[in-house]
Amino acid sequence: MSSEATANAEEHAHDDHGHHGPKWLAHHFDTPAQQFDAAKLGMWVFLAQELLFFSGLFVAYGVYRSWYPEMFVAASHQLDKIMGGTNTIVLLFSSFTAAMAVRSSQLGKQKATGNYILITIFCACVFLVIKYFEYTHKFHAGLLPGRFFHPHAEHLVAGAPALPANTGSFFSIYFMMTGVHGVHVVIGIGVLIWIWIRNNRGEFSKEFFTPVDIVALYWHLVDLVWIYLFPLLYLI
Amino acid sequence: MASQTSLHPHKDDGAVHAHISSSAFYVAVFMALIALTVLTVGQSYVDLGRLNLIVVILIATTKASLVVSFFMHLRYDNKFNALIFISCIFFIGVFFAYTMNDTERRGELDGDQNVRVLPKTGEDAPGGFVPHAASSGGEHGAAPTGSGAAPAHH
Amino acid sequence: MAAITTTPGAHHDDVDPNASFLEKKGLMSWLVTLDHKRIGIMYLISVTIAFLLGGIFALLVRAELLTQGKTLMDADTYNKMFSLHGVVMVFLFIIPSIPAAMGNIILPIQLGAKDVAFPKLNLLSLYIYWFGACFGLYSMINGGVDTGWTFYTPYSSSDPAHGGVGTATSVIPMTLAAFIMGFSSILTGVNFIATVHKMRAPGLTWRRLTLFTWALYATSIIQVLATPVLAITLLLLTMERFLGLGIFDPRLGGDPVLYQHFFWFYSHPAVYIMIVPGMGVVSDILASFSRREPVGYMAIAASSLGLALLGFLVWGHHLFVAGMSEYATMVFSALTFLVAIPSGVKVFNWVATLYKGSISLQSPMLWALSFIFLFTIGGLTGLFLGMLAVDVHLHDTYFVVAHFHYVMVGGTVMGFVGGLHYWWPKFTGKMYEESWARVGWFFVFIGFNVTFIAQFIMGSRGMPRRYYDYLPQYEIFHQVSTFGSWILGFGFLVLMVMFIRSLMNGKPAPRNPWGSAALEWQTPTPPPTFNFVKDPVLTRGQYDYQLATDDELYEGFDDPLFPGLRGGKAPVKKAAAEGDHG
């Protein structure tokens, strides 16, 4: 019997009733492992596209930094290392709690999972608040992208190198990088809340924690991008 | 570390087998990340010249590898997922390398080719065209950098 | 095919898994469906509308160029017409045409899967595509764009409303449209990669995938890795126009050539998003209509992946005369020639497949053969353009336009229409009239060549692309080209009428009208919601004609060249085969 059309009936007949037990197993998957692996693979492919999305900004950064190194040094002195460093630690901590949320979920600890997700969301909000203060200062100082770049001497950091005329390019890149990253943080908060609600409903278990896992992957990526943004923008 | 079961699909039972690290391990990774952050901030007060950028990238990459390997479980994950990640880094590298192969070396051969307008400086080379009087005010006067299309090298 | 499967899913308890997927009626049953076939059909309708719209723009462009000076419209309108032709054809039609429309319908069936890996994401891709298309329509209603489909800066990004010197047309909605539709493309790519990896039926090893599946897999890789760069590029462009960023605009200290790097990092791989799936369709059609496994199966599959990889390494050949570094131009030129290798591997293997094959020249085969012929012309002329010195002469002439159209229309559109002919009976359940299909093919093939051979000649003689007016020596070529565009348009009109007639009162299609050994032809026509009556298990490859039973190949098959020969034979065979099993 060499045909797929006829070979299928006998071999898989015994499977037909067995493999659709759990409610969370979607109809088109055969086993939980297949569903989990597909989700993880899909998420990693998605993360690859996220990294390529950011890569454009990094290339622009590389080209302009190489063309105007002094301008980048001067402009970076206007950024607040302390605020940036604090934000880095906040994000790293949120990444840690996200990893712990996945761990709790893997162990079936629903309450702990919820708490870790809440801490992660809280850290994300702290990150945005600090970012808000940084942005406000830039707006007051006139350190704005391209056409809007009009520095006000009284708001600039004292003792920093003078800003060349084309410093607007740096702030274009700065605002695009941190802005696009910030949008990712906001989206992250959204999906974390969604996961928190689902966790509260008791949808996750030792056997099924895939959504927690992939949302945490996304959150780690947001952290990952910031790990590079912080030294490249603040610590030149 | 707790159990070392791999995430590879087991067709035999069809259940999910994921690696679970211990809390202490996650705490250790987190502390390492904080230490590296402090290190990179501290380093920024020391001028290493050209090495600055390299050190900064190295520290950031170490941190990123910790996050990717352990927080994101890539160390224990399906090998293909790691391949996706690595190939994505490769393509970003291609993007960087090729673009900067142009931007870093643009105009280097202009002199040899007897180019009349030097893109490097935006100036007219000897024997070049006489700039149009009307366009010099409207087109180029507003440029804040005054360096025209191709930025000057420093 | 006798046993009945009982695999109701958690969300599909109300669906009879054995009923045709087309059975459920009502608009809502389409709009909220998670069935990949229905989503694919909605994509198909959408891209067909886009194709008609883009085609009308193209006919208007050609009509304007019929005579020197003003023929129909003024120069500004003409600029908008060719820009909209490009934008609509590239972003709304070609990119989603084969992967999202045809791939969605066929890929999971060829994998023996019930659906794609992420059905909800699949539906989301479609909605994102529609959402982006709305932005595009909004831009068109607001006067459209006159930047060309490439949106080159600073013309596109320097807004006269803020003291810039660029275009005053509706650029931001159009770039946002492309930005949004990019995410539709990315999500389809993510979905297909996970589907090919994780949803294959038992026995369906990588070496048993169809070449169409391989092509879609390679395409998905490009979609995922390249499209996000377009997204960030268009975002930067939009923000530059909106806020005056100064990354691409030299007046603000930016570099317009950097935009071209960014844009072509996506858009060169994107032409492989467009052509590679067409190659996949052609490989499948050639196998079915030559009744044999494609020669060099693994070579064709690997060359799809090779094209995907090389596509990322050659984008600089679009920048040869843009003032790029001479060192970079040399590297890009040398790498560009490498693209000829996987392309050549494919063409030679296709031709070798035909050799001593049992060829039947039905309409899908006509399109596949046209593909080989026209794509070869398109590919070889691409080598001219990859050569540095020659490109200085040919750059931005009609030669480039003709080369591009030979690859995109001669390649992708031939593949798309060929695939439509090939799989039409499977997903609509209706046959079309073969004679009218051939008439349509004839007009398209002739019209296409008349249109674009004239452009090759005038391009090589220096006629620049995108010009509103031309010198008298080009008039004859423009007139021939415009005349050809009418033949081409008429051919597509014939095809459209033919397909609509097929839907209205076509004969019901048999399970396997072409006698193909591939998996999608082994399931009922049209397929049930979960694609197969029984979950398939493969015991042979999808091109193993020597292993396929007569029952699989010839049930309902009627060879047009020898009518009645097979058609009468099949039921007997079938009865005998069932008798054996019983």
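## Chain B

The secondary structure of chain B is made up of four helices and zero strands, and along the sequence these run as α-α-α-α. Keep in mind that what you're looking at is a predicted model. For the complex, the predictor reports an ipTM of 0.90 along with a pTM of 0.90.

As for burial, 23% of the 154 residues of chain B count as buried. If you take the contacts in chain B between residues at least 6 apart in sequence, 38% of them join residues at least 24 apart.

## Chain A overall

Chain A has no strands to look for either: the count is eight helices and zero strands. Reading along the sequence gives α-α-α-α-α-α-α-α. The radius of gyration of chain A comes to 24 Å, well over the 18 Å that the globule rule gives for 236 residues, so the chain is more spread out than a compact globule. Its C-alpha trace spans about 80 × 45 × 25 Å along the principal axes.

Of those 236 residues in chain A, 55% count as buried. Among the contacts in chain A between residues at least 6 apart in sequence, 76% are between residues at least 24 apart.

## Helix α4 of chain A

Helix α4 of chain A covers residues 69–76, and its buried residues are Met71(A), Phe72(A), Ala75(A) and Ser76(A). Look down the axis of α4(A) and these buried residues fall within an arc of 125 degrees, so they line one face of the helix. The background here is simple helix geometry: an α-helix has 3.6 residues a turn, so residues three or four places apart point the same way.

What do the buried residues of α4(A) pack against? Their partners in chain A are α3 (32–67), α7 (167–200) and α8 (210–234).

## Pro151 in chain A

Away from the helices themselves, Pro151(A) sits in the loop between α6 (110–141) and α7 of chain A. It's a partly exposed residue, because the count of C-beta neighbours inside 10 Å is 18, and being buried would take 20 or more.

Leaving aside residues up to four places away in sequence, Pro151(A) touches Ala141(A), Gly142(A), Leu143(A), Leu156(A) and Leu163(A). Phe139(A) is twelve residues from Pro151(A) along the chain, with 9.4 Å between the two C-alpha atoms.

## Where A meets B

The contact takes 46 residues from chain A and 44 residues from chain B. On the side of chain A that touches chain B, the elements giving two or more residues are α3, α4, α5 (81–106) and α8 of chain A. The largest share of that side comes from α3(A), with 18 residues.

Sorted by class, the side of chain A that touches chain B has 27 nonpolar, eleven polar and eight charged residues.

## Chain C: fold and shape

Chain C comes out with 17 helices and zero strands. With 582 residues, a compact globule would have a radius of gyration near 25 Å, and the 24 Å of chain C agrees with that. Along the principal axes, the C-alpha trace of chain C spans about 80 × 50 × 45 Å.

Among the 582 residues of chain C, 61% count as buried. Of the contacts in chain C with a separation of 6 or more, 83% are accounted for by residues 24 or more positions apart.

Is Trp130(C) buried or partly exposed? With 15 C-beta neighbours inside 10 Å, Trp130(C) counts as partly exposed. Ser184(C) is 54 residues from Trp130(C) in sequence, yet their C-alpha atoms are 9.1 Å apart in space.

## Chain C: confidence

The mean pLDDT of chain C is 90, with 92% of its residues reaching 70 or more. Residues 1–12 of chain C have pLDDT below 50, and this stretch makes 27 contacts in the model beyond near neighbours in sequence.

The pLDDT also stays under 50 over residues 567–582 of chain C, where the model has 15 contacts beyond four places in sequence. Where pLDDT is low, the predicted coordinates should not be read in detail.

Technical notes:
Residues numbered from 1 in each chain as written. Chains lettered and ligands numbered in written order. Predicted model: local features only at pLDDT ≥ 70, side-chain atom pairs only at ≥ 80, totals over all residues. Buried ≥ 20, exposed ≤ 12 C-beta atoms within 10 Å, placed from the backbone. Arc of directions from axis to C-beta. Contact = placed C-beta atoms within 7 Å. Nonpolar A, V, L, I, M, F, W, Y, C, P; charged D, E, K, R; others polar. pLDDT = per-residue confidence, 0-100. Rg over C-alpha atoms; globule rule 2.2 N^0.38 Å.
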